[in-house]
Amino acid sequence: TFDNVKSFAQWWVDSVESRIDTNIAPSEKPRIVVQNGTQFGSITLFPEQEGVYRSIVDAFWISKTARVCLNDGTMGSGKTFLAGALIADIFHNKRYIPEGPMAILGQMPYRVLVVTRKNVVRQYKRVLINMGLDKYLGNQIIVTAYSQLSSQFGKIFIKETFDPYTEKTSEQFNEGVAPFFVVWDECHGLNNPGTKQTKFCMAMNRLRNPPFQIFMSATPFVTI
């Protein structure tokens, strides 16, 4: 106890070192604990990839609160591996097979469509092979370039109709071959509504039941 404020203040000043020694424990080196993520084939997700992967799986197929997401991870954050993990989850859990009499649709090609830059197609395929998905590639999983959407390949999905009165062409997506899941890698390439690739994306999203989609880009949208 102290008789007055002045005596308390003097004690406070004189006891600084002893109070520090009493109340602060000896410093310890911080421990970093890294827990392995889910493994697909020979690839294991890093913790930061694991968190994003689980959040998207929950939103798409468990809590069913979303059908589209945007991943704007920086370059080197593993967006390709994230996309591969989602695709692996789809096939491991047979999410692409509808329940009931429509289950036959699960045997159709093009269940998953990955659209990316031409010089990244081979890299994507290699990642999917390393994740144990090689048996699906080329049939139920298609990895293609944006430029292919305006070629004969794109015509598998899109029917163009010309209106002679308005002299405008409209695009209609073939619902019978609509993918279950689409990866739009480098999605900033869809910034021009007049291009074939953007019209492809817009036509697909006019479907009554559009695919689950992930849009991925490390390019800031303010620079597009």
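Let me start with the largest nonpolar core of this predicted model, which holds 38 residues, and in which Ile87, Ile141 and Phe181 touch the most other members. Several elements each supply at least two residues of this core, among them helix 3 (47-62), helix 5 (121-130), strand 5 (141-145) and strand 8 (181-185), while helix 4, with eight residues, gives the most. If we take Ile141 and leave aside its neighbours within four places in sequence, we find Ile141 in contact with Ile87, Phe91, Val112, Leu128, Leu133 and Tyr136. There is also a second, separate core, made of 22 residues, and it includes Leu113, Ile142, Ala178 and Leu190. As general background, nonpolar side chains in soluble globular proteins tend to be buried together.

Now to the chain as a whole, where the secondary structure comes to seven helices and nine strands, and where 39% of the 224 residues are buried. Among contacts with a separation of 6 or more, 68% are between residues 24 or more positions apart. The accessible surface comes to about 14,200 Å², and carbon and sulfur atoms account for 54% of that surface.

Finally, I would like to turn to Arg117, which is found in the loop between strand 4 and helix 5. Arg117 and Trp184 are 67 residues apart along the chain, and their C-alpha atoms are separated by 9.8 Å.

Definitions and conventions: Residues numbered from 1 in each chain as written. Predicted model: local features only at pLDDT ≥ 70, side-chain atom pairs only at ≥ 80, totals over all residues. Heavy atoms only, no water. Helix = DSSP H or I, 4+ residues; strand = E, 2+ residues; numbered from the N terminus. Buried < 20%, exposed > 50% of the residue type's maximum accessible area, 1.4 Å probe, protein only. Contact = heavy atoms within 4.5 Å. Areas by Shrake-Rupley, 256 points an atom, 1.4 Å probe, with all protein chains shown as cover. Core = buried A, V, L, I, M, F, W, Y, C linked by side-chain atoms within 4.5 Å.
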